[in-house]
Amino acid sequence: MQGRAAPAESGIFTMSSRPATRRRAQTRARTPKVGFVSLGCPKALVDSERILTTLRAEGYEVSPTYEQADLVVVNTCGFIDAAIDESLQTIGEALERNGKVIVTGCLGARPERILERHPRVLKVTGPQTYAEVLSAVHEHLPPQHDPFFDLVPPQGVRLTPPHYAYLKISEGCNNKCSFCIIPALRGRLASRRIDDVLREAERLAAAGVRELLVISQDTSAYGTDIRYAPAVWRDREYRTRFIDLARGLGTLGIWVRLHYVYPYPHVDEVIPLMAERRVLPYLDIPFQHGSPSVLKRMRRPAHAEDVLRRIAAWREQCPDLTLRSTFIVGFPGETDSEFEELLDWLDEAQLDRVGCFKYSPVEGAAANALAGHVPAEIQEQRHARLMERSAAISASRLARRMGTRMRVLVDSVGEQGAVARSEADAPEIDGVVRIAAAGGLRPGDWADVEITSADTYDLSARLDCAAGATSRR
Ligand code: SF4
């Protein structure tokens, strides 16, 4: 066991910082300062270096004293009793001289030892929990963004237009769909903690984003891998789980659209939030088929759920709910009657938006070994029949919107007018609302419109002068 890794004044790392320029002093009036005490072995030292590197890159300064710091991180050692004593003493010293203390490192793996002696610490995390430490620092000492000096804007570098953004809540997948190799490529489900996700969403909203598109491989499974870890955001406790995510995002006052949701029973809880417009009344559920026997061969999550009954109940609670889905036709072994089952299912489900793929084998997928691969011309016919059926459903559902008034989000403006989207339209994959006389609209504007005509997938509208028509960012 080593002692303090880099002795410095008061045991706090002093990292050399260049003298502040006048400009910097003017624009970054209050640079957040973190004090850092690193105890223990070289592995802990490397952990400290990683955390400090990220904090510096985010614009934090490292304070040489407890008193000048806004907050102190203590990276502890728990190797032997003497090291535990030293760690507990150091935490006590930091609390006394600064007051805001985050504890990490080996002793953090036994938080009860720390909390029984120092209940005032802000957060305790275990060894190598870089993300958790950074997240705790962000929570108690938010980073400052200086547009004159920071190369990266606070919302990060994004490839989408400024008014909408994708919000990725997890990586990987624990399901075993027989046609898919994503779990082999991307690994098991790894959810981001909810406070981390909500803070990113908050930054995006503050930067002018008006629509967040929540994405993952399986949004309804969010947080199961980290046992729905609790966290605090805006002074309220949230758990890392689907419904709390919807509740938290629903407080931001912007459009929140949920993608890749599977029809597990707990998804029912989000429907009241949709009815209240806290999140958009829109669910993207990749059903993939309507025949139970095909779904079983596909090994789809929630394949045994009575989805049609659930859809009816959702629509009763939230009549404006838009349902989008994708399907695979010509899956190995799909018989004529299973395909007819799918068409009947679609007739009953009355989905608003449907995409369809012809099954094609992917190297490494379990479905390749299934018997009864469907010939290409039958796949083609089934694809055409499914698209024809879903187009008819789409047209009849859009026709009901004629004469209604709605708020839309403008994506682009050209000589022909503006192209916007309603609550029912995700960017790139769904329909649009065309506004002919776009009178001064700009991308990113809200516009209140009245629907004047509908075709198979899109709507046309005129500005609703009575409603005041537009609002800008
Ligand atoms: S298709 Fe199935 S296995 Fe593949 S990512 Fe989606 S849920 Fe996971």
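Predicted model: local features only at pLDDT ≥ 70, side-chain atom pairs only at ≥ 80, totals over all residues.
Residues are numbered from 1 along each chain as its sequence is written, and side-chain values use heavy atoms, without hydrogens and water. Local features need pLDDT of at least 70 and side-chain atom pairs pLDDT 80 or more, whereas totals for chains, interfaces and linings use all residues.

Strand β12 spans residues 255-258. Strands (E, at least two residues) and helices (H or I, at least four) are DSSP runs, numbered from the N terminus. In a regular strand the side chains alternate between the two faces of the sheet. W255 and R257 lie on one side of β12, V256 and L258 on the other, and all are buried (under 20% relative accessible area; exposed is over 50%, partly exposed in between; 1.4 Å probe, protein chains only). Strand β9 (residues 211-215) pairs with β12 in the parallel sense over four bridges; pairing requires at least two DSSP bridges. L213 stands opposite R257.

The structure holds 34 salt bridges, each a side-chain nitrogen of Lys or Arg within 4 Å of a carboxyl oxygen of Asp or Glu. R310 bridges to D268, with the closest N and O atoms 2.9 Å apart. R310 lies in helix α11 and D268 in the loop between β12 and α9, so the pair ties together parts 42 residues apart in sequence. R310 is buried at 3% relative accessibility. D268 is partly exposed at 28%.

R405 forms a salt bridge with D464 at 2.8 Å between the closest N and O atoms. R405 is exposed (54%), whereas D464 is buried (6%). E132, R193, D195 and R199 form a salt-bridge network.
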